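Terms are given with their cut-offs where they come up.

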Amino acid sequence: MFEAKIPQESIRLTFFRSGRVFACLALGSCIAVAQSTPPSTQQDNGHWLQSLLKFQIPKFSTFIPAQPLTSSTCSVAPLSSIGDPGAAIFEASSGTMAVVDTTGLTQATAGALARLEQLVASLGGRLELKSAYRPVAYQEHLQEVWDKMRALRRNRQSGCAAVRADVAAEFSRHHLLVTQRPVTDSDHTRGVGIDAALVLPRGARINRRRITLDRLAQMVGFKRPDVRHDPVHFRMLATSLSTSSTANRATTE
Ligand SMILES: [Zn+2]
């Protein structure tokens, strides 16, 4: 064939040239591909972001603090209203001296308190009576305030805002202590307990002996059953130790 007569060199050159052309075309297409890459890359990015977002939505939701569905409600009920008329009077006069009711104390307790006041005065000290007799219904109210304050301590329900504000105000108004849960059957409801802030002058002595609060309380027939948690609470001893005569020689230095 005629073509068969074409020299080998010519064929190689043709192949070589066509190879260069192919290479150039290939390179050109590569550049073209490279230049046309951004749109396709954007598409890929878009796809990648979409995929990421699809994963992030459930991922973020796990970090959002779980809000109770019933956040408008409160699992702690509002404070009960005080139905007992006597307790209502106490409640109304809470925070004032009117809440201190010594008429409900037993005769022995009232006598011990009178002796204590006399002794403290003779030593130049000061006794501030905070509480004496309390009706059971009033004591139950104090207990309810304390219990609900504790229940609300870790409660984050937004529906509890009003109850929390009310309970906190009552807790503060009644000077309740976090460490001291009011008991239903207390020395106060039985008329044998008082709460008194008592201050003696430094170096107060009776019969030349230094006198402490507890020694003084014992002399009139009281004891402080829990000095650490309830330092103002004095309870009538079962057997009153009347030693009021020693007050005659009370001195201070
Ligand atoms: Zn008390």
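A residue counts as buried if 20 or more other C-beta atoms lie within 10 Å of its own, as exposed if 12 or fewer do, and as partly exposed in between, with C-beta atoms placed from the backbone. The model is predicted: local features need pLDDT of at least 70, side-chain atom pairs count only at pLDDT 80 or more, and totals for chains, interfaces and linings use all residues. Residues are numbered from 1 along each chain as its sequence is written.

**Gln143**

Gln143 has 16 C-beta neighbours inside 10 Å and therefore counts as partly exposed. Gln143 belongs to helix H5; helices (H or I, at least four residues) and strands (E, at least two) are DSSP runs, numbered from the N terminus. Two residues are in contact if their C-beta atoms, placed from the backbone, lie within 7 Å. Leaving aside residues up to four places away in sequence, Gln143 touches Arg181, Pro182 and Thr184. From Gln143 to Val183 the separation is 40 residues in sequence and 6.5 Å in space, C-alpha to C-alpha.

**Composition of the chain**

There are 7 helices and 7 strands in the chain. Their order along the sequence is α-α-α-α-β-α-α-β-β-β-α-β-β-β. Of the 253 residues in the chain, 19% are buried. For contacts between residues at least 6 apart in sequence, 77% join residues at least 24 apart.

**The sheet**

Two strands pair if DSSP finds at least two bridges between them. Strands of a sheet pair through backbone hydrogen bonds, either parallel or antiparallel. Here 4 strands form an open sheet in the order S1-S2-S6-S5, and the pairing is antiparallel. Strands S1 (126-131) and S5 stand at the edges with a single partner strand each, so one side of each has no neighbour in the sheet. The pairs are listed below.

| Strand pair | Sense | Bridges |
|---|---|---|
| S1 and S2 | antiparallel | 5 bridges |
| S2 (residues 193-199) and S6 | antiparallel | 3 bridges |
| S5 (residues 222-223) and S6 | antiparallel | 2 bridges |

Individual partners can be named for each pair. Ser131 has Asp195 in S2 as its bridge partner, Gly193 is bridged to Arg235 in S6, and Phe222 stands opposite Met236 in S6.

Which residues cover the two faces of S6 (residues 233-236)? His233 and Arg235 lie on one side, Phe234 and Met236 lie on the other, and all are buried. Helix H4 (residues 107-122) lies across S1, S2, S5 and S6, and runs at about 150° to S1. Axes are lines fitted to C-alpha atoms, for helices over the stretch in contact, and angles run from 0 to 180 degrees between N-to-C directions.

The 17 residues of H5 should span 24 Å at 1.5 Å a residue, and the end C-alpha atoms are 24 Å apart, which agrees. The expected span is 1.5 Å times one less than the number of residues in the helix. Buried residues in H5 are Tyr138, His141, Leu142, Val145, Trp146, Lys148 and Leu152. The buried residues of H5 pack against H3 and helix H6 (161-173).

How do H3 and H5 meet, and at what angle do they cross? The axes of helix H3 (residues 85-92) and helix H5 (residues 136-152) come within 7 Å and cross at roughly 55°. That makes H3 oblique to H5, given that angles under 35 degrees count as roughly parallel, over 145 as roughly antiparallel, 65 to 115 as roughly perpendicular and the rest as oblique. On the H3 side, Gly86, Ala87, Phe90 and Glu91 meet Ala137, Tyr138 and His141 of H5. The residues of this contact divide into 4 nonpolar, 2 polar and 1 charged. Ala, Val, Leu, Ile, Met, Phe, Trp, Tyr, Cys and Pro count as nonpolar, Asp, Glu, Lys and Arg as charged, and the others, Gly among them, as polar.

**Positive phi in two loops**

Most residues other than glycine have a negative phi. His175, not a glycine, has a positive phi of about 55°. His175 lies in the loop between H6 and S2 and is exposed, with 12 other C-beta atoms within 10 Å. Arg208, also not a glycine, has a positive phi of about 65°. The loop holding Arg208 runs between strand S3 (205-206) and strand S4 (209-210). Arg208 has 8 C-beta neighbours inside 10 Å and so counts as exposed.
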